[in-house]
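Hi everyone, thanks for making time for this. Have a look at the structure on the screen, and I'll walk you through it.

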Amino acid sequence: MARVQLVIPDEDRDRYVHQARREGMTLSAWIRTAAQQRLRQQQRVSPFEGTADLEEFFRECDALDGPAEEPDWEEHLAVMNESRRRGASGT
């Protein structure tokens, strides 16, 4: 098995270690898994060929880490409006 040295900022390492532990993995296993998922995503060049492909896609989406519930529309609007206010020049 090959050994790879990775140079990353300390903050990134801390975040990666934290997430790996949340998923019950070592940092090394977590990075390998992330790389494998990235390769699978990049290698998928053909559109869905049937319902089985579509169901697999949604299973992978469900496995991604994220909030349990989507914010309601009013929350989305508030976030967008705040972003617009921060980006406005005020002129």
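Let me begin with a term: accessible areas here come from the Shrake-Rupley method with a 1.4 Å probe, and for residues only the protein chains shown count as cover. By that method the chain exposes about 8700 Å², and carbon and sulfur atoms supply 53% of this area.

Two notes on where the values come from. This is a predicted model, in which local features need pLDDT of at least 70 and side-chain atom pairs count only at pLDDT 80 or more, while totals for chains, interfaces and linings use all residues. Residues are numbered from 1 along each chain as its sequence is written, and side-chain values use heavy atoms, with hydrogens and water left out.

Now, the overall layout. Helices (DSSP runs of H or I, at least four residues) and strands (runs of E, at least two) are numbered from the N terminus. This chain has four helices and zero strands, so its pattern along the sequence reads α-α-α-α. Its radius of gyration is 19 Å, well over the 12 Å that the globule rule gives for 91 residues, so the chain is more spread out than a compact globule. That radius is taken over C-alpha atoms, and the rule is 2.2 Å times the number of residues to the power 0.38. Along its principal axes, the C-alpha trace spans about 60 × 45 × 25 Å.

How many of the residues count as buried? Of the 91 residues, 7% do. Buried means under 20% relative accessible area, exposed means over 50%, and partly exposed is in between (1.4 Å probe, protein chains only).

Next, the salt bridges. Side chains of opposite charge can pair when their charged atoms come close. We call it a salt bridge when a side-chain nitrogen of Lys or Arg is within 4 Å of a carboxyl oxygen of Asp or Glu. The whole structure has five of them.

One of these joins Asp65 and Arg22, at 3.6 Å from N to O. This pair links distant parts of the chain: Asp65 sits in the loop between α3 (51-63) and α4 (73-87), and Arg22 in helix α1 (residues 10-22), 43 residues apart. Asp65 is exposed, at 53% relative accessible area, and Arg22 is exposed too, at 54%.

Another is between Arg13 and Asp14, with N and O 3.4 Å apart. Arg13 is partly exposed at 41% relative accessibility. Asp14, in helix α1, is partly exposed at 44%. The C-alpha atoms of Asp14 and Val79 are separated by 28 Å, and these two residues are 65 apart along the chain.

Over in helix α4, Glu82 and Arg85 lie three residues apart, about one turn of the helix. Their closest N and O atoms are 3.1 Å apart, forming a salt bridge. Which residues belong to the network here? Salt bridges that share partners join Glu82, Arg85 and Arg86 into one network. Glu82 is partly exposed at 33%, whereas Arg85 is exposed at 54%.

Last stop, a nonpolar surface patch. Patches are made of residues with over 30% relative accessible area and no salt bridge, with like charges joined within 9 Å and nonpolar side chains (Val, Leu, Ile, Met, Phe, Trp, Tyr) within 5 Å. Phe48, Leu54, Phe57 and Phe58 make one of about 350 Å². Among them, Phe48 lies in the loop between α2 (27-43) and α3, and is partly exposed at 38%.
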